[in-house]
Amino acid sequence: MTLLLERQTQLAQLDGLLAQAGRGRGHVAALSGEAGAGKSALVEAFIGETGARARIFRSACEDLSIPDPLGPLYDLAREAQWAMPQAVDARRGERLPLFSDALDVFEARTGATLLVIEDLHWADDATLDFVRFLGRRIANTHILLLLTARTDRSEGQMRVRRALGEIPAASVARIDVPLLSEAAVLSLAGAAGRDGDAIYRATAGNAFFVTELLSCECETALPASVRDAVLARAERLSAGARSMLDAVSVFPRRADAWALAGLCGVASAGQLAECVSNGLLDDLGDAFAFRHEIARHAIETMLTTSHRRAFNQRALSALLERGDVATARLVHHAVEAHNLETVRELAPVAAREASRVGAHRDAAGYYEVALRQADTLPAQERAGLYEQYAFECHLIARIDEAIEAQEQARALQQALGNSLKEGDSLRWLSRFAYLLGDRQAADRFGAQAVALLEAVGPSAELAMAYSNLSQLAMLAERLHEALSLGSRAIELAERLNRPDVVCHALNNVGAAEQWLDLASSRRHLARSLEIALRENFQEHAARAFTNCACGGMNQLDYREAQSFLDRGIDYCVENDLATWRDYMLGVRAQLRLRQGCWDEAASEALDVIGNDQATALVRYPALVALAKLRLRRGDPSAEPLLAEMKRFLEKGIELQRLLPYAAVVAEQAWLGQADKEEALRLIGLAEGLSPTRAVFAELAVWRQMLAPDVDPGDTAGMALPYKMLLTGDWHGAASAWAELDAPYERALALARGDEAAQRVALETFEALGARPVAQHVRDIMRRSGVIHIARGPRRSTRANRAGLTERQMEVLQLIERGLSNKRIAEHLAISPKTVDHHVSAVLGKLEAVSRGEATAAARDSGLI
């Protein structure tokens, strides 16, 4: 009764979603509330009401020290009588085919299926990937996926929000499970003859806390806390029952009856019944569990260190004897028991199992546990652990830790005299340094790796070291060096039958060739992508999609770029390749900027920049897009972005980073907001580094705009609109940009034309919201003697044309309701930093200096 009070609205909503699922319109229902709010009770009530209307499969995540990879999916599979271990083996651990198999198992097609995953805030990465996978396909199924998660600010909860944020909004129903109202608590307390005011003050309406205090048999004052109430109830147990309760407390989520028998000898039915009758345990038939994690934690924390270790050791022994228990659970109890030998044995096994199904964060966690106990292991084994840990860390963007671990591995391999492994460590250090934005260190480590490995002789490691140097040369636009090293890598890798290295090197060669032989470039990139997709080389595939897209951007083939970006981003989302996804989102933001879709560009760039996990390298394309956009809109917050771009160049000038930075500074200088001489210096530096005139085309145009008297130089190989501008054909250039659907670039070309062209340019800049640029063109026109120049739209008109994205409109409406940024983040299930960016964009577009002014402008213009 207590936990179902004031829950009818939520039950009705769930009932409606289940009915829709029965008609083939599936949904994800996410129940959220603080610990003890009554989420599990609501799930129980809903399942109780569901009856025979649906097949029901239940699971939950556990509060293990490191999550069990795909643990909830294994639970669901057992209930559905699906042999998932065999399916994992058959699919070689590849998640997409495995998840597709799961979808086929759970999709009944003749009626509704209810899948329940509780406590998603404790989920591993692979389980969150499954939720994302199913959520993106659930709309056309008969499945209702019911999730529960806490609303705290933990890392786990933030990961849940990101996962739900990557599911189409129409497929997700977010259902809040609020605290009980004061009236509800007073009503319940009155029925029990208790002091409702005191209980409400002590619990703030938390349903579990209310239940505990109402069940307390204290004669006078209430216990000081719910923990005290749980402990007071436990003290009333007999000695045997209390010992049984303590034993159960070391099992997260549930203790199977067979495990208790192994742990405590013969599990006394009477003792367990006593715990159940006192309201401390639930009898699940084949297992026992605390009524809530809060109660379990209260009992477990009262155990002495020796008792906790003893109970966990007995639990570990019972689970090992059973033989079919997840390795993650064994490691959890081994760590808690301080059984170092078992930790050393099983933690690496758990890490490999986690990595196999894509739970890389958890794999890194297991390697950390293993390394803490690795001092007594042979040096070669320790080196291997460090190498595997470094690899997992780099996959989850923990690059500093990856470098530190790889350095440890390198030192061990050097001490062992294993030059092959040491050379490979140097190659990995080169890669990690580049990801961190340290170009100088990347070059140094890469050269050292090749020198050491060449002394050893032909090997796959040497082939990959050649390919790594080829990649670094390609990224620096040292084209012939990239082709030479890439060819050596391909020849050696093919001789050694290493398609992964062939795939990697073809990518470098194809990317370098785009400026020399476009047809050959496309062939090599296509072959690299084909190998990567066929062999499931996921990171190589992501890099191939990226380089194909960037090649399209460089050649002004925006349709091709769009196709590769869309396919590549979808591929990365499906395979949880967050690093490459974010990089491509930044590139797509640049493309949207070119296409005149500025709000979409801002939204995608902000999503990347708001991600605290993104490295400097990954952020760079998004920085470029957002810096250009804010500069053109006159947003003062462009300066921090430019400062970050500049810092990236301090650790080594790389042309592909210098080119966009110099272009932004040049545009600033043209608008009178930056030093013209500094802009020309950067352009000259880029010209000296450019391997072909085609690479330098955009900067050549900016130099002409800043210094018209300077000879534009050779235009051979440059894209048509740039070549036309440099030879004085502004009209032809504007037409070429129009053919490419690039309105801003077309307007820049028109601004260099006659009065009629300049007026068209002015209209385009105003329509895009590029007010500083429009004002600059007005100044140019006035200096040329043009009169009767349009002043631009009035403030109210601008507000009506604010051009807010759908997300920004949501933010604006929540601002109008008076919600803080933190509350907006919780409401929209996005990070507070992303909300900060959205609020800044809303204020900028409405020309408001405060939230109140933005609300007033929105009301005046009819936006809200």
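Reader: Hi! What share of the contacts in the chain with a separation of 6 or more comes from residues 24 or more positions apart?

Author: That share is 65%, where contact means heavy atoms within 4.5 Å. This is a predicted model, so local features need pLDDT of at least 70 and side-chain atom pairs count only at pLDDT 80 or more, while totals for chains, interfaces and linings use all residues. Residues are numbered from 1 along each chain as its sequence is written, and side-chain values use heavy atoms, leaving out hydrogens and water.

Reader: OK, how many helices and strands are there in the chain?

Author: The chain has 46 helices and eight strands. These are DSSP runs numbered from the N terminus: helices are H or I with at least four residues, strands are E with at least two.

Reader: And what is the radius of gyration of the chain?

Author: It's 31 Å, close to the 29 Å from the globule rule for 864 residues, so the chain is as compact as a globular protein of that length. The radius is taken over C-alpha atoms, and the rule is 2.2 Å times the number of residues to the power 0.38.

Reader: How much of the chain counts as buried?

Author: 58% of the 864 residues. Buried is under 20% relative accessible area, exposed is over 50%, and partly exposed is in between (1.4 Å probe, protein chains only).

Reader: Switching topic: how many salt bridges does the count come to?

Author: The count comes to 52. A salt bridge here is a side-chain nitrogen of Lys or Arg within 4 Å of a carboxyl oxygen of Asp or Glu.

Reader: Which residue forms one with aspartate 125?

Author: Arginine 361 does, with the closest N and O atoms 3.2 Å apart. Aspartate 125 is in helix 6 (residues 125-135) and arginine 361 in helix 19 (residues 360-372), so this pair ties together parts 236 residues apart in sequence.

Reader: Is aspartate 125 buried or exposed?

Author: Aspartate 125 is buried, at 7% relative accessibility.

Reader: What about glutamate 644, which side chain does it meet in a salt bridge?

Author: That of arginine 619, at 2.6 Å from N to O. Glutamate 644 sits in helix 33 (residues 638-649) and arginine 619 in helix 32 (residues 616-633), 25 residues apart. Both residues are buried.

Reader: Which residues are linked in a network of salt bridges?

Author: Arg95, Asp129, Arg132, Glu166, Arg581 and Asp582 are linked that way.
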